[in-house]
Amino acid sequence: MRLWWEELKVAVPLIFHGNPYLLSIIWFTVQVAVVATVVAAAIGLPIGLTIGLGRFRGRRVLQILANASLGLPPVLAGLFLFLLFVPQGPLGGYNLILSKKAVFIAQTLLALPYIVALTAAAVQGLPPGLLAQARALGAGRAQLYALAVREARIGVLAAVIAALGSALSEVGAIVIVGGNVYGFDQTLASAILFDANAARYAQAIAIGIVLIGLILILMGGLGVLQQRGGGIRLRFRSVT
Amino acid sequence: MGYLWHELRSAFPLITSGNAYILSVTWVTIKVALVSTGVALVLGLPIGLTIGLGRFRGRRALHVLANVSLALPPVLVGVVVLIFLLPQGLFGGLRIEFTLRGVYVAQTILALPYIVALSAAAIQALPPGLLAQARVLGAGRRQLSLLALREAKIGVIAAVIAALGSALSEVGAVIIVGGNIENYDQTLASAVVAQVSNYADYPNAVAIGLVLLALILVLIGVLTVLQQRTGGIQLRFRTST
């Protein structure tokens, strides 16, 4: 335990020192997590709803595909994007390789399956009578989707929480596409990897404590939002 | 797209030629995945059962704890495990930092929350009458546990699938605790990172990625078939007979 005490004695002041390096990676991590989750939600929610509510052929295949992509190793997603982004690659002209933009893109791609698969599952779990009734009463597609999101909001928020959690913890993909460049496109998680490999354990622990704090704040906030059934009304204008 | 195709074409011969490096990394990955999932199962299933079936104070707190530990960043778990394993650390006497055994330890710790949290959730979701009836009919703790496992088979296997999947895909903890040492404690996932970031050897990275994908499909596929065959395979537990 002595070693732990030594490391913590060095680590804790690092946090409260207002270290500019630490502040810059905290800010970048928050940006990446929020942007990736929001963009993935904007793209993934309609897809998840279509899979969950739609009554077309191939719906089950799409659901299986979404579930399977949840099981894909992030390093493979990273490798795929890397090969797209290298100068010789199909998107080489955009200079995305080892850039901050690449980190945003990679994390968005990784967040997408969480939103799609978990939203679809949550919406499918709704009592079938509810949606049938809304349809019978003449609800249009948009109204139906809004109703489904409101009713399945616990599951939908669980999807958002899962996406955010992966964006905060993930290292495999962003280390590959971003290069884990010190102080430039590092997130808290990839900075831990960097510092641990450099045997700077006190620094790694300090960053880890900050990361845990950030996870608790962001996921805790969403968790509270999720559980307050009646309190917060997500004001969608649905079948009125 | 021509470039991607080119990389894929240069990757295939590496796989089919039985490249010694790829074979060794694959074997290490299989060992890590099976050992960590197996040990996590042995340790975690009793805990999951206790949380799922128990009627004691603090049961909910334990369940919340298990769920929260699912959200812990693996890189952080890696650093914590490494600091315990360093020579000056609490378990430094074992001398397993930067070894394959260290990787086993880290991955087992990462797999444990999946087994505990998901099996507890699966068991709690069982119809309450079922277990109450077994209790009334005089089932002991052991019999009750076996019954619950058999009935919650789908959820328990889902827990195993999740644990195995995380062991196969994980890089952060493996790199930190094991040091990502080639031909020794490198897994397929961490080898992809090394091949791209350290050597810029893209055909090798793609080849390793394809092998990883195939391994995941085979292992997870087999477990999924096992999970879905409701009537076919009977997990022969001797319950209240």
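Which residues in α2(B) meet which residues in α8(B)? Keep in mind that you are looking at a predicted model. On the α2(B) side you will find Thr29(B), Val32(B), Ala33(B), Ser36(B), Thr37(B), Ala40(B) and Leu41(B). They meet Val160(B), Ala163(B), Leu164(B), Ala167(B) and Leu168(B) in α8(B). Sorted by class, this contact has nine nonpolar residues and three polar ones, with no charged residues.

Now look at how the two helices are placed. Helix α2 of chain B covers residues 20-53, and helix α8 of chain B covers residues 153-169. Their axes come within 9 Å and cross at roughly 140 degrees, and the crossing is right-handed.

Stepping back, chain B has 11 helices and zero strands. Its C-alpha trace spans about 65 × 50 × 30 Å along the principal axes. The chain has 241 residues, and 43% of them count as buried. Among contacts in chain B with a separation of 6 or more, 78% are between residues 24 or more positions apart.

Finally, turn to the neighbour. Here 37 residues of chain B are in contact with 36 residues of chain A. α11(B) gives the most, with eight residues. By class, the side of chain B that touches chain A has 28 nonpolar, eight polar and one charged.

Conventions
Residues numbered from 1 in each chain as written. Chains lettered and ligands numbered in written order. Predicted model: local features only at pLDDT ≥ 70, side-chain atom pairs only at ≥ 80, totals over all residues. Axes fitted to C-alpha atoms, helices over the stretch in contact; angles between N-to-C directions. Helix = DSSP H or I, 4+ residues; strand = E, 2+ residues; numbered from the N terminus. Left-handed = near helix turned anticlockwise from the far one by under 90°. Contact = placed C-beta atoms within 7 Å. Nonpolar A, V, L, I, M, F, W, Y, C, P; charged D, E, K, R; others polar. Buried ≥ 20, exposed ≤ 12 C-beta atoms within 10 Å, placed from the backbone.
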